[in-house]
Amino acid sequence: MEVSLKKYVLELEHTFSISRESHDFQDSLVVGLSLDGKTGYGEATANPYYKITVASMMEEIKAIESDINDYKLEKPEEFHAFLKEKGLSNFAICALDLACHDLYGKILGKPLHEIWGTSTDSYPITNYTIGIDSVEKMVEKMLEKPWPLYKVKLGTNNDIEIVKQLRENTDAIFRIDANNAWTPEQTLEFAPQLKELGVEFLEQPLPADNLEGYKQIIDKCVLPIIADESCIVEEDVDKCAGHFTGINIKLTKCGGLTPALRMIKRGKELGLKVMVGCMTESSVGISAIAQLTPQLDYVDMDGAMLLKHDIAKGVEILESGKLIFPTTGGTGVTLL
């Protein structure tokens, strides 16, 4: 296979803020894998929290480029195992794994959801994320993008009041992501009020390493609790059972579609709700997530919707939340 690497600086429509950081641009690596006249594309975004840059991912991939060139593609999961043996970061593996899946599907001429034996007749709709800002700005962002389902980033000194003011302006369902910012006591105090305000679930309210705190509140909280930072790799799924209602899988963090498929299966075996989230990817990464939606309870795949300009064409998300899946093979991505 022939490898190509390209850095993109994705400009966001609005400054995006969570409890620990803010940014206006998102660096992203798009990997191309070409074979037999077909090219598959994968993506992984940089992340300062995990100390991942586009430069570091490119360096990792270039170090094994000759091995990839010589690799005989048969199954994407075998290619993923090959990459794991090379010691790459999960972010770099993700970009390559997504590209391999897209290439594999394009060679077969089948979308991934069809290869996996799932039907697109039913799937959850994505939320649209409202980052932390002044209450006025958060309301403005929401009114600018009417949507049936919003994820609201919190972790301020005024969280309940923010949700109250947002509720005055929409009947949409809310999801709350506190990004590790609350205590167990705050979570149990806030949850009944948030439930009354039409909140569907809480995502990662406590710090990721406070599993004992989650164990103490999981049976007392009136809202479901979804793990995000507490569920990064495959081994974390079992740890989340008994501490969370569900898990949010990020392709970049776990290493791509190959481990994500195993995490979905294991999560369901453990009775956990399963969600896949995004990391402000373009339509390259989002179209890979879309292929998983028939297997999910929830999905957060609004990354490309948050950009001023997308860099690719793939899955199309309509204002109703309905998805238009590409008819081409793989994830169906083409670069613009």
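## Exercises on strands, helices and cysteines

Two bridges join strand E10 (residues 273-277) to E11, and the two run parallel. Helices (H or I, at least four residues) and strands (E, at least two) are DSSP runs, numbered from the N terminus, and two strands pair if DSSP finds at least two bridges between them.

A word on the source: this is a predicted model, where local features need pLDDT of at least 70 and side-chain atom pairs count only at pLDDT 80 or more, while totals for chains, interfaces and linings use all residues. Residues are numbered from 1 along each chain as its sequence is written, and side-chain values use heavy atoms, with hydrogens and water left out.

### Exercise 1

Step 1. Start from Val-276, which stands opposite Val-299 in E11.

Step 2. Write down the order: E4-E5-E6-E7-E8-E9-E10-E11, an open sheet of eight strands with parallel pairing.

Step 3. Axes here are lines fitted to C-alpha atoms, for helices over the stretch in contact, and angles run from 0 to 180 degrees between N-to-C directions.

### Exercise 2

Describe the sheet of three strands and what packs on it.

Step 1. The order is E1-E2-E3, again an open sheet, but the pairing is antiparallel.

Step 2. Strand E1 (2-17) and strand E3 (38-45) are the edge strands, each with a single partner. From one strand to the next, the twist averages 25°.

Step 3. Between E1 and strand E2 (residues 22-35) there are twelve bridges. Lys-7, for one, has Leu-29 in E2 as its bridge partner.

Step 4. Helix H1 (residues 54-63) packs on this sheet, touching E1, E2 and E3, and its direction makes about 15° with that of E2.

Step 5. Pick Ala-55 in H1. Ala-55 is exposed, at 54% relative accessible area; exposed means over 50%, buried under 20%, and partly exposed in between (1.4 Å probe, protein chains only). From Leu-29, Ala-55 is 26 residues away in sequence and 8.8 Å away in space, C-alpha to C-alpha.

### Exercise 3

How do H3 and H12 lie relative to each other?

Step 1. The axes of helix H3 (residues 76-85) and helix H12 (residues 257-269) come within 9 Å and cross at roughly 110°.

Step 2. The two helices are therefore roughly perpendicular. The cut-offs: under 35 degrees is roughly parallel, over 145 roughly antiparallel, 65 to 115 roughly perpendicular, and the rest oblique.

Step 3. Pro-76, Glu-77 and His-80 of H3 meet Thr-258, Pro-259 and Arg-262 of H12.

### Exercise 4

Step 1. Cys-221 is buried, with 11% relative accessible area.

Step 2. For Cys-240, the nearest cysteine sulfur is that of Cys-231, 4.3 Å away. Cys-240 is buried too, at 0%.

Notes
Contact = heavy atoms within 4.5 Å. Disulfide = S-S within 2.5 Å.
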